[in-house]
Amino acid sequence: MAETTDPAGNADGFETRAIHAGQDPEQVTGAVITPIFQTSTYAQPSPGDHTGYEYSRTDNPTRTALQEALANLEGARYGYAFASGLAAEDTVLRSLRAGDHVVLGNDAYGGTFRLISQVVTRAGITWSAADLTDPSALEANWNPATKIVWMETPTNPLLTVFDIGAIAEVTHRHGAKLVVDNTFASPYLQQPLTLGGDLVIHSTTKYIGGHSDVVGGFAATNDQEWAEDIKYLQNAVGAVPAPMDCFLVLRGLKTLGVRMDRHVANAELIVEMLLAHPAVSHVLYPGLDDHPGAAIAARQMRAPGGMISFRVHAGLEAAKSVTTRTRLFTLAESLGGIESLIEHPGVMTHASAAGSPLEVPDDLVRLSVGIETGDDLVADLNQALDQI
Ligand SMILES: *Cc1c(COP(=O)(O)O)cnc(C)c1O
């Protein structure tokens, strides 16, 4: 696929860094793979004289390796791992104060919407939704209390593409910070900090972990002051990942590049079939020429990704019915794993957005295309669509 060198200026290519960054052999035994440091505490020769590790809420060597590797891949100087994507988001949002305002892109992960609209508001923080496809509208409606603009791209589940650089420009002109949730793209396809973002968020549960066997989150930035606050909050709030979970995410990370290439190749096969199927009314995929964000995606992403959404002519019941008629696509929430998943966002992942500006169409089906044999996936989905 496309080039693998890093826009942030690292000499080694992406796959090399995914395997080696922060992952030198362990010093005592020479263990090549970073061990699971399953310990809560660390011996000190004399009071306050420690190795850099005092207590595993504060720091743990397996977590350190994961943080260094992921920060490197995002072109970040600072990175922090969390117990889940939402734990990372919550910790970052705790850097705000009562009276501050958050602008949220009008298509976002349902849990992010719930956190910002229902939970963070309890601390006196306000929010509004914005259509970020038009950065000049963001400019025109700017609220002086806005401290953070929070976006995903491509978005979940509508696969809308927002221009990170253009939104960063408006945000920075007003002295606010831009947070980019990079979960759908992964750092292999897109590195928001090199495009103007101030902080990047991941649910490592998805493509980075990649095997649907661990829940985790990550936040990275080059903003030293913000990083110090997040490090402080990570320890003070304590939403940290266990050593075993850090190990699993780090293990998944090593193959991110080769997995993403296959996710994309399979997604392109499926898009072709969906476009030709009479039951399908719309195919939402940033790699399509007629996708409104295609040009932006081509500029800011290495490839359009492994997520596809589509709408069916026959409406809600037909959309729900397709999700129960596949053999290989498992009906389940989540995404980004080696296995293909299918879901109905309106009823499942995005039920909390019903009646809000983030509501999704009820004839929408979302696919997370796995890395199985592409033709098998095409045939499976095709027969399910034939039945409606
Ligand atoms: C899953 C997801 C999250 C939340 O992450 P968890 O690990 O489930 O807490 C946030 N953003 C996006 C885009 C997601 O897909």
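In which helix is Arg173 found? Arg173 lies in helix α6, which covers residues 164-173, and the model in which it is placed is a predicted one. The protein chain has 388 residues, for which a compact globule would have a radius of gyration near 21 Å, and the value of 21 Å found for the chain agrees with that expectation. The points below begin with the chain as a whole, then turn to the pocket, to individual residues and to backbone geometry.

**Overall architecture**

- The secondary structure of the protein chain amounts to 13 helices and 12 strands.
- Taken along the principal axes, the C-alpha atoms of the protein chain fill a box of roughly 75 × 50 × 35 Å.
- Of the 388 residues in the protein chain, 55% are buried.

**The largest pocket**

- The largest pocket has a volume of about 450 Å³, and of the 15 residues that line this pocket, Asp24, Glu26, Gln27, Tyr53 and Pro61 are the closest to its centre.
- Sorted by class, the lining of the largest pocket consists of 7 nonpolar, 5 polar and 3 charged residues.

- The side chain of Arg173 is joined to the side chain of Glu139 by a polar contact of 2.4 Å.
- Arg173 and Asp213 are 40 residues apart along the chain, and their C-alpha atoms are separated by 41 Å.
- Asp163 is found in the loop between β4 (146-152) and α6, and, with a relative accessible area of 18%, Asp163 is classed as buried because that class takes in values under 20%.
- The side chain of Asp163 reaches the backbone nitrogen of Gly165 at 3.1 Å, while, leaving aside residues up to four places away in sequence, Asp163 touches Ile296, Arg299 and Gln300.

**Backbone geometry between β4 and α6**

- Most residues other than glycine have a negative phi, and most peptide bonds are trans.
- The peptide bond from Thr153 to Pro154 is cis, with omega near -10°, and Pro154 is found in the loop between β4 and α6.
- The peptide bond from Asn156 to Pro157 is also cis, here with omega near 10°, and Pro157 likewise belongs to the loop between β4 and α6.
- Leu159, although not a glycine, has a positive phi of about 55°; Leu159 is found in the loop between β4 and α6 and is buried, with a relative accessible area of 1%.

**The loop between β10 and β11**

- Ser340 is located in the loop between β10 (330-331) and β11 (341-343), and its relative accessibility of 0% is why Ser340 counts as buried.
- The side chain of Ser340 makes a polar contact of 2.8 Å with the side chain of Glu372.
- Ser334 is found in the loop between β10 and β11, where Ser334 has a phi near 80°, a positive value in a residue other than glycine.
- With a relative accessible area of 26%, Ser334 is partly exposed, whereas Ser340 is buried at 0%.

**The segment after α13**

- Ile388 has its place in the segment after α13 (374-386), and with a relative accessible area of 33% Ile388 is partly exposed.
- Leaving out residues up to four places away in sequence, Ile388 touches Ala279, Val312, Ala318, Ser321 and Val322.
- Ile388 and Phe247 are 141 residues apart in sequence, and the distance between them in space is 43 Å, C-alpha to C-alpha.

Key: Residues numbered from 1 in each chain as written. Predicted model: local features only at pLDDT ≥ 70, side-chain atom pairs only at ≥ 80, totals over all residues. Heavy atoms only, no water. Helix = DSSP H or I, 4+ residues; strand = E, 2+ residues; numbered from the N terminus. Buried < 20%, exposed > 50% of the residue type's maximum accessible area, 1.4 Å probe, protein only. Polar contact = N/O pair within 3.5 Å; in protein donor to acceptor, adjacent residues only side chain to side chain. 1 Å grid on protein atoms, 1.4 Å probe; cavity = no way out; pocket = protein on both sides within 12 Å on 5 of 7 lines; lining within 4 Å. Points joined across faces, edges and corners; volume = space filled by probe spheres on them. Nonpolar A, V, L, I, M, F, W, Y, C, P; charged D, E, K, R; others polar. Rg over C-alpha atoms; globule rule 2.2 N^0.38 Å. Contact = heavy atoms within 4.5 Å.
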